[in-house]
Structures are given as C-alpha cells and as structure tokens.
Amino acid sequence: MQVENVDIKNANIKEVAEKYSVDEDLLFDVQDQSESARYLEKEGYTEIILKYPAKNDISTIGVYLTKEKAIFFHTEAFPFAFRPAYKNTRTAVVDAVYKISEGYFKMLKNIDKKIRKIKRDSKVNVKNSDMLSLFELQNDLDDCILGIKGNLSVLSKIMVFMPNNEFVFDAKIENDQALETALSYSKAVSNLKTTLEIITNNLTNKRMESLTIVNVSALIITSISGLYGMNVKLPFSEKEDIFFYIILVSIVLAVNFGIFLKKKFSEKR
C-alpha cells in the first residue's frame with residue numbers, strides 16, 4: 001500500500017500527472033484555493049478534495065485514492081505526518097481529516113484571542129481598526145466553517161465504506177466539535193460587531209449634538225454683532241466701548257442658551 005504527499009506548488013502539472021497517473025484537473029483544483037471539499041467516485045479510483053488551515057488561510061489538498069495507494073497533493077506546508085501503517089488507504093484519508101481538525105482548533109484558538117483583545121480594547125476606545133479586524137475575522141470564520149463542513153461531507157461518504165468504524169467516528173466527533181466552536185465564534189463576532197456599531201453611532205450622535213449646540217449658540221453672537229455692525233441707530237451704539245459689552249453679553253447669552261439646549265437633549269435621552 002502506497003501513501004505519500006506531493007508538493008505541486010512549483011511543479012509542472014503535466015509531468016506530475018504523468019508520473020502519478022492522475023487527472024490534471026485534480027492538480028489544477030488543488031491550486032485553486034476556492035475549490036470546495038468533495039468526494040467523487042470515478043472508474044477505478046476516487047478523487048477527494050480536503051480543506052485545511054495553512055498559515056492564516058484555508059488551503060486545498062487533493063487526494064488520488066485507490067485500494068493500493070493514497071497520494072496527497074498540496075501547495076502549502078503539509079499539516080501532518082502519516083502513520084507507519086494503515087489498514088487501508090481510506091484509513092489514511094480519515095487520519096488526515098482527523099489531524100486537519102486539530103489544525104482548525106489551533107486556528108480557532110488564535111481567532112478567539114483576537115476577539116478577546118478587541119473586546120478589551122473597545123471598553124477603553126472604539127476604533128475603526130477594530131471594526132475592520134472584526135470583518136476580517138468573520139471572513140476567516142466563514143472560510144473555516146465552509147472547510148470543516150466540506151471535510152465532514154467527505155467523512156460521511158467514507159462512513160458508507162467503513163460502517164461502525166471507531167476511528168471514523170472519532171474523526172467525525174473532532175470535526176463536529178470544531179464546527180460547533182467555529183459557529184459559536186462566528187456568532188460572537190457578529191454580536192460584537194453589532195455592539196460596536198451601536199456604540200460608534202451613539203458617539204457620532206453625541207458629536208453631532210455638540211456641534212449643533214455650538215452652531216446654534218454661535219448664532220446669538222453673530223446676530224447681535226451683525227446688528228451693531230449695520231448702519232442703523234441702535235441703543236448704546238454711540239458709546240466707544242460698546243463693542244466689548246456686546247461681545248460680553250453675546251457670550252453670556254450664547255453660553256446660557258447652549259446649557260439650555262444641552263439639558264433639553266439630555267432629557268430626550
């Protein structure tokens with residue numbers, strides 16, 4: 001029984017296909033990171049696509065599977081080592097899916113740390129960078145959920161050929177737990193985004209409220225100074241120091257009017 005992994009990142013696809021007698025389309029699918037996980041029975045062999053976390057992205061593994069061999073093709077660092085011996089080639093695939101779930105747990109743990117950090121930072125000050133980080137985390141979680149679900153679909157196909165196999169059930173339990181964790185983190189990110197959006201909107205409303213009060217209050221100063229600047233006879237306009245009195249009275253009126261408006265806005269809240 002042959003079990004091996006082949007890095008095709010910088011390889012010539014045609015040469016690899018001829019060497020291992022595989023379909024070129026499978027190798028091209030491995031290079032497409034948007035490819036979905038699948039289990040496809042063909043004449044004399046099976047094509048499998050698995051999704052696994054590589055660095056901060058979800059990468060693709062293509063498996064060429066027969067009774068005698070299981071060849072894993074990939075473009076990123078291979079995430080696990082094979083055991084010395086397997087009962088059959090499908091067991092090698094199940095082992096890969098099991099170990100891939102461990103990689104997802106590591107990725108989810110890093111995401112959880114980032115979520116907690118944003119929560120701590122947002123208690124002090126809500127920044128635009130926090131919102132951008134949450135959108136990125138949501139995208140990562142969506143890819144993670146899609147990858148785990150795809151791998152689970154592959155396991156369900158294998159379970160048809162390996163019923164009541166404890167190893168397959170263990171792999172399924174691990175991936176189910178990873179999926180539950182990813183879904184709970186996705187919900188947490190969504191709730192945190194909603195909360196930060198509400199806080200940001202409230203802060204914006206308060207700033208607009210303050211600007212409105214300043215603008216309205218400033219109208220008093222503008223109106224009074226504008227009147228005395230016109231060529232119209234007004235009380236006390238003949239006095240030389242009237243300008244200073246006008247400014248002083250205007251400021252007093254504007255400040256009191258601003259305080260009055262502030263109280264009114266506060267009562268509405």
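In which element is the place of Asp 57? I found Asp 57 in strand S4, residues 57-65, where helices (H or I, at least four residues) and strands (E, at least two) are DSSP runs numbered from the N terminus. I note that this is a predicted model, in which local features need pLDDT of at least 70 and side-chain atom pairs count only at pLDDT 80 or more, while totals for chains, interfaces and linings use all residues. Residues are numbered from 1 along each chain as its sequence is written, and side-chain values use heavy atoms, with hydrogens and water left out.

Entry on the sheet. I read 5 strands forming an open sheet in the order S1-S5-S4-S3-S2, with mixed pairing; two strands pair if DSSP finds at least two bridges between them. The edge strands are S1 (2-7) and S2, each of which pairs on one side only. I also looked up S3 and S4, which pair in the antiparallel sense over 9 bridges, and in S4 the bridge partner of Lys 51 is Thr 60.

Entry on helix H2. I listed the buried residues of H2 (residues 24-31) as Leu 26, Leu 27, Asp 29 and Val 30, taking buried as under 20% relative accessible area, exposed as over 50% and partly exposed as in between, with a 1.4 Å probe and protein chains only. They cover an arc of only 155° around the axis, which puts them on the same side of H2; the arc is that of the directions from the helix axis to the C-beta atoms. These buried residues pack against helix H1 (13-20) and strands S2 (38-42), S3 (45-54), S4 and S5 (69-74), contact meaning heavy atoms within 4.5 Å.

Entry on Thr 75. Is Thr 75 buried or exposed? I found that Thr 75, in the loop between S5 and H3, is buried, with a relative accessible area of 8%. Its side chain joins that of Gln 33 in a polar contact of 3.5 Å, a term for a pair of N or O atoms within 3.5 Å where, within protein, one must be able to donate a hydrogen and the other to accept it, and residues adjacent in sequence count only if both atoms are side-chain atoms.

Back to Asp 57. I noted that Asp 57 is partly exposed, at a relative accessible area of 42%.
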